[in-house]
Amino acid sequence: MISTKLTELLGIDHPIVSAPMGSVSGARLAGTVTRAGGLGLVGVSYGDAAFIDEHVAATAEQGGVWGVGCVMFTFDERPGLWDKVLGYAPPVIALSFGDADQVRRYAGSAAASGAQVMVQVHDREQAAVALQAGASVLAVQGAEAGGHHKTQATLPLIPAVLDIVQGTVPVVAAGGFADGRGLAAALALGADGVMMGTRFALTEESMGTAGFKTALVSGATADLVDTRSFDVVRGIPWDEMYTARSVSNAFTRTWTGQDAELAARRAEIEPEWTAAVARDDTGQRALFAGEVLDLVDDVRSAESVVRDTVRDAETILFDLAGRVTSAR
(Lines give C-alpha, C1' and ligand atoms only; values in the text may rest on other atoms or scores of the structure.)
Protein backbone atom coordinates (compact mmCIF):
# COMPACT_ATOMS: atom_id res chain seq x y z
CA MET A 1 0.00 0.00 0.00
CA ILE A 2 1.01 3.61 -0.54
CA SER A 3 1.17 5.45 2.77
CA THR A 4 0.88 9.25 2.84
CA LYS A 5 -0.14 11.99 5.26
CA LEU A 6 -3.69 11.64 3.87
CA THR A 7 -3.99 7.92 4.55
CA GLU A 8 -2.51 8.38 8.00
CA LEU A 9 -4.80 11.27 8.94
CA LEU A 10 -8.00 9.62 7.75
CA GLY A 11 -7.12 6.02 8.48
CA ILE A 12 -7.76 4.86 4.90
CA ASP A 13 -5.80 2.34 2.87
CA HIS A 14 -5.32 4.23 -0.39
CA PRO A 15 -4.69 7.92 -1.20
CA ILE A 16 -7.63 8.13 -3.60
CA VAL A 17 -10.70 10.35 -3.24
CA SER A 18 -13.82 10.20 -5.40
CA ALA A 19 -14.95 13.73 -6.20
CA PRO A 20 -18.34 14.80 -4.77
CA MET A 21 -19.99 15.43 -8.13
CA GLY A 22 -23.55 16.74 -8.02
CA SER A 23 -26.12 14.29 -9.48
CA VAL A 24 -23.33 11.72 -9.94
CA SER A 25 -21.79 10.91 -6.54
CA GLY A 26 -24.45 9.21 -4.48
CA ALA A 27 -24.39 6.63 -1.69
CA ARG A 28 -23.56 3.69 -3.93
CA LEU A 29 -20.46 5.27 -5.45
CA ALA A 30 -19.21 6.78 -2.19
CA GLY A 31 -19.76 3.54 -0.29
CA THR A 32 -17.97 1.46 -2.90
CA VAL A 33 -14.91 3.72 -2.96
CA THR A 34 -14.76 3.71 0.82
CA ARG A 35 -15.01 -0.09 1.01
CA ALA A 36 -12.25 -0.32 -1.59
CA GLY A 37 -9.98 1.60 0.76
CA GLY A 38 -10.27 5.13 -0.61
CA LEU A 39 -12.37 8.08 0.52
CA GLY A 40 -15.85 8.17 -0.99
CA LEU A 41 -17.64 11.52 -1.00
CA VAL A 42 -21.35 12.14 -1.56
CA GLY A 43 -22.07 15.29 -3.57
CA VAL A 44 -25.01 16.99 -1.87
CA SER A 45 -24.91 20.47 -3.41
CA TYR A 46 -27.89 21.18 -5.66
CA GLY A 47 -29.56 18.42 -3.67
CA ASP A 48 -32.46 18.88 -1.33
CA ALA A 49 -33.44 17.55 2.06
CA ALA A 50 -34.80 14.34 0.55
CA PHE A 51 -31.52 13.68 -1.32
CA ILE A 52 -29.52 14.20 1.88
CA ASP A 53 -31.83 11.94 3.87
CA GLU A 54 -31.48 9.22 1.24
CA HIS A 55 -27.85 9.33 0.18
CA VAL A 56 -26.02 10.70 3.21
CA ALA A 57 -28.00 8.43 5.51
CA ALA A 58 -27.31 5.38 3.34
CA THR A 59 -23.60 6.16 3.18
CA ALA A 60 -23.42 6.59 6.94
CA GLU A 61 -25.09 3.21 7.43
CA GLN A 62 -22.38 1.55 5.34
CA GLY A 63 -19.73 2.74 7.80
CA GLY A 64 -16.05 3.31 7.20
CA VAL A 65 -14.40 6.64 6.43
CA TRP A 66 -16.66 8.58 4.09
CA GLY A 67 -17.58 12.18 3.53
CA VAL A 68 -19.93 14.78 2.13
CA GLY A 69 -19.04 17.41 -0.46
CA CYS A 70 -20.72 20.81 -0.10
CA VAL A 71 -20.58 23.79 -2.47
CA MET A 72 -20.62 26.52 0.15
CA PHE A 73 -22.52 29.27 -1.64
CA THR A 74 -25.40 26.92 -2.47
CA PHE A 75 -25.81 26.04 1.20
CA ASP A 76 -26.11 29.72 2.03
CA GLU A 77 -29.15 29.72 -0.25
CA ARG A 78 -30.79 26.65 1.31
CA PRO A 79 -31.45 27.24 5.03
CA GLY A 80 -31.51 24.09 7.12
CA LEU A 81 -29.58 21.81 4.76
CA TRP A 82 -26.22 22.39 6.47
CA ASP A 83 -27.59 21.33 9.85
CA LYS A 84 -29.16 18.30 8.19
CA VAL A 85 -25.79 17.25 6.79
CA LEU A 86 -24.09 17.72 10.16
CA GLY A 87 -26.82 15.60 11.75
CA TYR A 88 -25.44 12.53 9.98
CA ALA A 89 -21.96 13.13 11.49
CA PRO A 90 -19.86 12.62 8.35
CA PRO A 91 -16.23 11.80 9.25
CA VAL A 92 -15.06 14.11 6.44
CA ILE A 93 -16.67 17.28 5.09
CA ALA A 94 -15.30 18.57 1.80
CA LEU A 95 -15.99 22.26 1.17
CA SER A 96 -15.68 24.02 -2.18
CA PHE A 97 -16.47 27.26 -4.00
CA GLY A 98 -16.93 29.83 -1.29
CA ASP A 99 -15.54 33.25 -0.49
CA ALA A 100 -13.24 33.84 2.47
CA ASP A 101 -16.13 34.46 4.88
CA GLN A 102 -17.91 31.30 3.81
CA VAL A 103 -14.72 29.25 4.13
CA ARG A 104 -14.24 30.50 7.69
CA ARG A 105 -17.87 29.89 8.69
CA TYR A 106 -18.30 26.46 7.17
CA ALA A 107 -14.83 25.15 8.05
CA GLY A 108 -15.27 26.26 11.65
CA SER A 109 -18.71 24.69 11.91
CA ALA A 110 -17.56 21.45 10.28
CA ALA A 111 -14.53 21.18 12.57
CA ALA A 112 -16.71 21.82 15.61
CA SER A 113 -18.86 18.85 14.56
CA GLY A 114 -15.81 16.60 14.81
CA ALA A 115 -15.24 16.16 11.07
CA GLN A 116 -11.97 16.35 9.23
CA VAL A 117 -12.34 19.39 6.96
CA MET A 118 -11.16 19.27 3.36
CA VAL A 119 -11.24 22.60 1.52
CA GLN A 120 -10.87 22.79 -2.25
CA VAL A 121 -8.69 25.62 -3.50
CA HIS A 122 -7.65 26.88 -6.92
CA ASP A 123 -4.76 29.25 -6.21
CA ARG A 124 -2.28 30.21 -3.50
CA GLU A 125 -4.50 32.93 -2.06
CA GLN A 126 -7.39 30.54 -1.54
CA ALA A 127 -4.99 28.03 0.01
CA ALA A 128 -3.82 30.60 2.56
CA VAL A 129 -7.42 31.43 3.50
CA ALA A 130 -8.28 27.73 3.93
CA LEU A 131 -5.27 27.12 6.14
CA GLN A 132 -6.14 30.10 8.32
CA ALA A 133 -9.70 28.79 8.58
CA GLY A 134 -8.43 25.52 10.03
CA ALA A 135 -8.67 23.14 7.06
CA SER A 136 -7.21 19.74 7.90
CA VAL A 137 -6.80 18.79 4.21
CA LEU A 138 -6.44 20.90 1.06
CA ALA A 139 -7.79 19.67 -2.27
CA VAL A 140 -5.84 21.65 -4.83
CA GLN A 141 -7.77 21.72 -8.10
CA GLY A 142 -6.13 22.66 -11.35
CA ALA A 143 -7.83 23.94 -14.47
CA GLU A 144 -7.87 20.51 -16.14
CA ALA A 145 -10.80 19.49 -13.98
CA GLY A 146 -14.25 18.73 -15.30
CA GLY A 147 -17.22 20.77 -14.21
CA HIS A 148 -16.39 24.02 -12.44
CA HIS A 149 -12.79 25.16 -12.24
CA LYS A 150 -10.57 28.22 -12.29
CA THR A 151 -7.61 28.93 -14.60
CA GLN A 152 -4.31 27.71 -13.11
CA ALA A 153 -2.94 24.44 -14.44
CA THR A 154 -2.44 21.55 -12.03
CA LEU A 155 1.24 20.80 -12.65
CA PRO A 156 2.64 24.14 -11.38
CA LEU A 157 -0.20 24.79 -8.94
CA ILE A 158 0.41 21.76 -6.71
CA PRO A 159 4.03 22.60 -5.77
CA ALA A 160 3.16 26.29 -5.47
CA VAL A 161 0.54 25.47 -2.84
CA LEU A 162 2.83 22.94 -1.16
CA ASP A 163 5.34 25.74 -0.66
CA ILE A 164 2.70 27.53 1.40
CA VAL A 165 1.50 24.45 3.27
CA GLN A 166 5.01 23.43 4.37
CA GLY A 167 3.82 19.98 5.38
CA THR A 168 1.24 21.22 7.89
CA VAL A 169 -1.73 19.42 6.28
CA PRO A 170 -2.16 16.77 3.58
CA VAL A 171 -2.62 18.03 0.04
CA VAL A 172 -4.84 16.20 -2.44
CA ALA A 173 -4.23 16.90 -6.13
CA ALA A 174 -7.36 17.35 -8.25
CA GLY A 175 -7.93 18.12 -11.91
CA GLY A 176 -6.30 15.89 -14.52
CA PHE A 177 -6.11 12.52 -12.73
CA ALA A 178 -7.64 9.28 -13.92
CA ASP A 179 -5.21 6.41 -13.38
CA GLY A 180 -2.04 5.19 -11.72
CA ARG A 181 0.16 7.39 -13.87
CA GLY A 182 -1.62 10.43 -12.49
CA LEU A 183 -1.38 9.21 -8.90
CA ALA A 184 2.35 8.56 -9.28
CA ALA A 185 2.84 12.00 -10.80
CA ALA A 186 0.91 13.69 -8.00
CA LEU A 187 2.98 11.89 -5.38
CA ALA A 188 6.16 12.90 -7.21
CA LEU A 189 5.02 16.52 -7.04
CA GLY A 190 4.69 16.14 -3.28
CA ALA A 191 0.93 15.67 -2.99
CA ASP A 192 -0.52 13.13 -0.58
CA GLY A 193 -3.23 11.73 -2.85
CA VAL A 194 -5.53 12.44 -5.77
CA MET A 195 -9.17 13.30 -6.22
CA MET A 196 -10.68 11.86 -9.40
CA GLY A 197 -13.98 12.92 -10.91
CA THR A 198 -14.42 11.90 -14.55
CA ARG A 199 -12.99 8.42 -13.94
CA PHE A 200 -15.46 7.78 -11.10
CA ALA A 201 -18.33 9.37 -13.04
CA LEU A 202 -17.82 6.56 -15.55
CA THR A 203 -18.33 3.71 -13.13
CA GLU A 204 -21.16 1.27 -12.64
CA GLU A 205 -21.95 2.82 -9.27
CA SER A 206 -22.21 6.44 -10.32
CA MET A 207 -25.61 8.10 -10.66
CA GLY A 208 -24.79 9.32 -14.15
CA THR A 209 -27.51 8.46 -16.63
CA ALA A 210 -27.08 6.05 -19.53
CA GLY A 211 -26.93 8.94 -21.98
CA PHE A 212 -24.37 10.81 -19.89
CA LYS A 213 -22.07 7.80 -19.66
CA THR A 214 -22.39 6.93 -23.34
CA ALA A 215 -21.60 10.52 -24.36
CA LEU A 216 -18.49 10.64 -22.19
CA VAL A 217 -17.17 7.22 -23.24
CA SER A 218 -17.56 8.14 -26.90
CA GLY A 219 -16.28 11.68 -26.39
CA ALA A 220 -12.73 13.02 -26.56
CA THR A 221 -10.80 15.75 -24.83
CA ALA A 222 -10.93 17.73 -28.07
CA ASP A 223 -14.73 17.80 -27.74
CA LEU A 224 -14.67 19.70 -24.44
CA VAL A 225 -15.74 23.31 -24.02
CA ASP A 226 -15.62 25.79 -21.12
CA THR A 227 -19.02 27.36 -20.66
CA ARG A 228 -21.29 29.21 -18.25
CA SER A 229 -24.43 28.33 -20.21
CA PHE A 230 -25.63 25.56 -17.90
CA ASP A 231 -25.28 27.82 -14.86
CA VAL A 232 -27.19 30.61 -16.57
CA VAL A 233 -30.09 28.42 -17.72
CA ARG A 234 -30.37 26.91 -14.23
CA GLY A 235 -30.23 30.33 -12.60
CA ILE A 236 -27.33 29.34 -10.35
CA PRO A 237 -25.24 32.39 -9.39
CA TRP A 238 -21.72 31.06 -9.90
CA ASP A 239 -18.91 33.58 -9.55
CA GLU A 240 -17.73 34.53 -13.03
CA MET A 241 -14.17 33.47 -12.18
CA TYR A 242 -15.36 29.88 -12.62
CA THR A 243 -16.42 28.21 -15.84
CA ALA A 244 -17.61 24.64 -16.28
CA ARG A 245 -16.03 22.11 -18.65
CA SER A 246 -18.47 19.92 -20.57
CA VAL A 247 -18.57 17.82 -23.70
CA SER A 248 -19.79 20.18 -26.41
CA ASN A 249 -23.34 19.62 -27.60
CA ALA A 250 -26.14 21.53 -29.34
CA PHE A 251 -26.86 23.57 -26.21
CA THR A 252 -23.29 24.74 -25.68
CA ARG A 253 -22.82 25.48 -29.37
CA THR A 254 -25.90 27.69 -29.26
CA TRP A 255 -25.35 29.46 -25.96
CA THR A 256 -21.68 29.53 -24.94
CA GLY A 257 -20.63 33.18 -24.94
CA GLN A 258 -24.25 34.32 -25.11
CA ASP A 259 -24.82 34.59 -21.36
CA ALA A 260 -26.71 37.89 -21.45
CA GLU A 261 -29.21 36.73 -24.06
CA LEU A 262 -29.67 33.37 -22.34
CA ALA A 263 -30.33 35.12 -19.02
CA ALA A 264 -32.83 37.46 -20.65
CA ARG A 265 -34.68 34.55 -22.25
CA ARG A 266 -34.35 32.15 -19.32
CA ALA A 267 -38.08 32.13 -18.49
CA GLU A 268 -38.73 30.92 -22.04
CA ILE A 269 -35.83 28.47 -22.41
CA GLU A 270 -35.44 26.90 -18.96
CA PRO A 271 -38.68 24.82 -18.94
CA GLU A 272 -37.83 23.27 -22.31
CA TRP A 273 -34.25 22.66 -21.24
CA THR A 274 -35.34 21.03 -17.96
CA ALA A 275 -37.73 18.75 -19.83
CA ALA A 276 -34.90 17.75 -22.19
CA VAL A 277 -32.65 16.91 -19.24
CA ALA A 278 -35.42 14.76 -17.77
CA ARG A 279 -35.45 12.84 -21.09
CA ASP A 280 -31.65 12.43 -20.84
CA ASP A 281 -31.26 14.41 -24.05
CA THR A 282 -27.49 14.56 -24.47
CA GLY A 283 -27.84 17.32 -27.04
CA GLN A 284 -29.12 19.61 -24.28
CA ARG A 285 -28.00 18.36 -20.87
CA ALA A 286 -24.70 19.15 -19.17
CA LEU A 287 -22.01 16.55 -19.86
CA PHE A 288 -19.37 17.67 -17.36
CA ALA A 289 -15.99 16.01 -17.86
CA GLY A 290 -12.33 16.83 -17.41
CA GLU A 291 -9.35 16.89 -19.76
CA VAL A 292 -8.65 13.25 -18.83
CA LEU A 293 -11.51 12.24 -21.11
CA ASP A 294 -9.09 10.70 -23.64
CA LEU A 295 -7.91 8.37 -20.86
CA VAL A 296 -11.35 7.07 -19.90
CA ASP A 297 -13.00 4.82 -22.46
CA ASP A 298 -15.09 2.39 -20.46
CA VAL A 299 -17.59 2.03 -17.62
CA ARG A 300 -16.41 -0.31 -14.89
CA SER A 301 -16.65 -0.85 -11.18
CA ALA A 302 -15.41 1.82 -8.79
CA GLU A 303 -13.62 -0.89 -6.83
CA SER A 304 -11.55 -1.80 -9.89
CA VAL A 305 -10.71 1.87 -10.45
CA VAL A 306 -9.26 2.15 -6.94
CA ARG A 307 -7.44 -1.18 -7.17
CA ASP A 308 -5.93 -0.64 -10.61
CA THR A 309 -4.93 2.97 -9.90
CA VAL A 310 -2.98 1.96 -6.79
CA ARG A 311 -1.42 -1.08 -8.45
CA ASP A 312 -0.25 0.87 -11.49
CA ALA A 313 1.09 3.73 -9.37
CA GLU A 314 3.08 1.29 -7.25
CA THR A 315 4.60 -0.25 -10.38
CA ILE A 316 5.60 3.17 -11.70
CA LEU A 317 7.07 4.30 -8.39
CA PHE A 318 9.15 1.11 -8.05
CA ASP A 319 10.38 1.55 -11.61
CA LEU A 320 11.35 5.16 -10.97
CA ALA A 321 13.15 4.23 -7.78
CA GLY A 322 15.13 1.66 -9.74
CA ARG A 323 16.37 4.36 -12.11
CA VAL A 324 18.12 6.22 -9.30
CA THR A 325 21.76 5.29 -8.80
CA SER A 326 24.14 6.52 -6.16
CA ALA A 327 26.95 8.81 -7.22
CA ARG A 328 30.34 7.12 -7.02
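Some ground rules. Residues are numbered from 1 along each chain as its sequence is written, and side-chain values use heavy atoms, with hydrogens and water left out. Because the model is predicted, local features need pLDDT of at least 70 and side-chain atom pairs count only at pLDDT 80 or more, while totals for chains, interfaces and linings use all residues.

First topic: the helices. Two packed helices are described by the angle between their axes and the distance between the axes. Here, α2 spans residues 27-35 and α3 spans residues 49-62. (Helices are DSSP runs of H or I, at least four residues; strands are E, at least two.) Their angle is about 25 degrees, and their axes are 9 Å apart. That makes α2 roughly parallel to α3 (angles under 35 degrees count as such).

Who touches whom? On the α2 side, Ala27, Ala30, Gly31 and Arg35. On the α3 side, His55, Ala58, Thr59 and Gln62. Contact means heavy atoms within 4.5 Å. By class, that is three nonpolar, four polar and one charged residues. Gly counts as polar here, and Arg as charged.

Second topic: phi. Most residues other than glycine have a negative phi. Ala89 has a positive one, near 50 degrees. Ala89 sits in the loop between α5 (81-87) and β4 (92-96). Gln166 is not a glycine either, and its phi is about 55 degrees. Its loop runs between α8 (154-165) and β8 (171-174).

Are these two residues buried or exposed? Ala89 is exposed, at 54% relative accessible area. Gln166 is exposed too, at 59%. (Exposed means over 50%, buried under 20%, partly exposed in between, with a 1.4 Å probe and protein chains only.)

Terms used
Axes fitted to C-alpha atoms, helices over the stretch in contact; angles between N-to-C directions. Parallel < 35°, antiparallel > 145°, perpendicular 65-115°, else oblique.
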